[in-house]
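Here is my note on the model you asked me to look over. Please read it with the structure open.

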Amino acid sequence: MSSILFLPPANYTVAVELGFRNSRSKRCWSAGAGFSKRWCPRMRSIRAETAAETFGSRKGESLGPNGECDCDIPGRSAPALSNVGNSTNIAWHECPVGKLERQILLNQKGCVIWITGLSGSGKSTLACALSRELYALGYLSYVLDGDNIRHGLNKDLCFKAEDRAENIRRIGEVAKLFADAGVICIASLISPYRRDRDACRAMLPESIFIEVYMDISLEVCESRDAKGLYKLAREGKIKGFTGVDDTYEPPLNCEIVIAPTDGECPPPGTMAKQVISYLHENGFLNA
């Protein structure tokens with residue numbers, strides 16, 4: 001049995017020794033108190049400065065000497081209960097592995113890239129191209145596609161205004177979890193109303209909500225009509241279709257705008273590189 005050191009965040013005073021078995025012994029080393037050594041899984045280096053017997057604190061909550069959840073420490077008073085929405089008597093539990101540790105492990109910062117625009121504007125095309133480019137560069141992302149989510153999580157919702165708002169809220173909460181996990185979450189959906197997009201932005205801390213507006217005209221989107229939805233809407237067979245008989249509210253102050261060049265829509269790779277440039281410039285592609 002060999003072991004590695006788990007490195008807590010900066011406001012911890014010590015590291016934790018964890019047992020770890022791995023046939024690739026080059027990645028593992030025996031732990032002991034009072035020394036420094038590097039562990040480099042997949043070329044990402046974490047430096048453990050020391051090991052000791054007691055922890056400091058994380059967000060004001062004490063953790064046990066082995067990194068237990070605060071509620072598992074003998075003699076620890078019960079956590080404060082709260083009510084959130086219709087959920088009553090619930091408590092938030094802190095764990096020793098947090099967002100910072102996950103970001104160090106992945107060598108990236110979790111964020112939400114929210115792609116909005118009319119049907120046929122290229123949202124899914126950009127989302128898939130961006131995910132592919134990030135993968136090629138060694139970064140972890142996940143695409144939340146509006147239609148895909150309606151196959152499962154949101155299959156109980158229709159397209160009336162209140163259901164659209166709930167659709168966006170749920171996807172926003174899921175995207176928030178992905179970002180907290182250190183993943184670059186790419187949400188691709190029409191999301192026609194500013195108030196709903198702004199509500200998702202408000203869920204997220206530290207300016208990690210990146211709104212990408214597909215500024216492609218209705219005429220261009222309708223001329224594409226890959227799914228035949230505009231035709232059905234014009235024939236009155238689909239009601240409340242964005243751009244036809246329901247409004248789309250463009251962002252007023254988004255982070256990125258994808259616009260046509262000389263009347264032509266940019267190719268997928270060019271759009272993806274525009275977003276990746278923003279991620280590089282704003283420090284999301286390193287921990």
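The points below cover confidence, the sheet and the helix contacts.

1. Basis. This is a predicted model, in which local features need pLDDT of at least 70 and side-chain atom pairs count only at pLDDT 80 or more, while totals for chains, interfaces and linings use all residues. Residues are numbered from 1 along each chain as its sequence is written, and side-chain values use heavy atoms, with hydrogens and water left out.

2. Confidence. The protein chain has a mean pLDDT (the predictor's confidence in each residue, from 0 to 100) of 79, and 73% of its residues reach 70 or more. Over residues 1–62 pLDDT stays under 50. Where pLDDT is low, the predicted coordinates should not be read in detail.

3. Sheet. Strands (E, at least two residues) and helices (H or I, at least four) are DSSP runs numbered from the N terminus, and two strands pair if DSSP finds at least two bridges between them.

4. β10 and β11 (residues 184–188) run parallel and are joined by 5 bridges. Leu144 stands opposite Ala187 in β11.

5. Axes are lines fitted to C-alpha atoms, for helices over the stretch in contact, and angles run from 0 to 180 degrees between N-to-C directions.

6. α2 and α8. Helix α2 (residues 123–137) packs against α8 at about 60°, with the axes 8 Å apart. The two are therefore oblique; angles under 35 degrees count as roughly parallel, over 145 as roughly antiparallel, 65 to 115 as roughly perpendicular and the rest as oblique. Among the residues that meet are Leu126, Leu130 and Leu134 in α2 and Met271, Val275 and Ile276 in α8.

7. α4 and α5. The axes of helix α4 (residues 161–180) and α5 come within 9 Å and cross at roughly 25°, and the helices are therefore roughly parallel. Contact residues include Arg169, Glu173 and Lys176 of α4 and Asp196 of α5.

Notes
Contact = heavy atoms within 4.5 Å.
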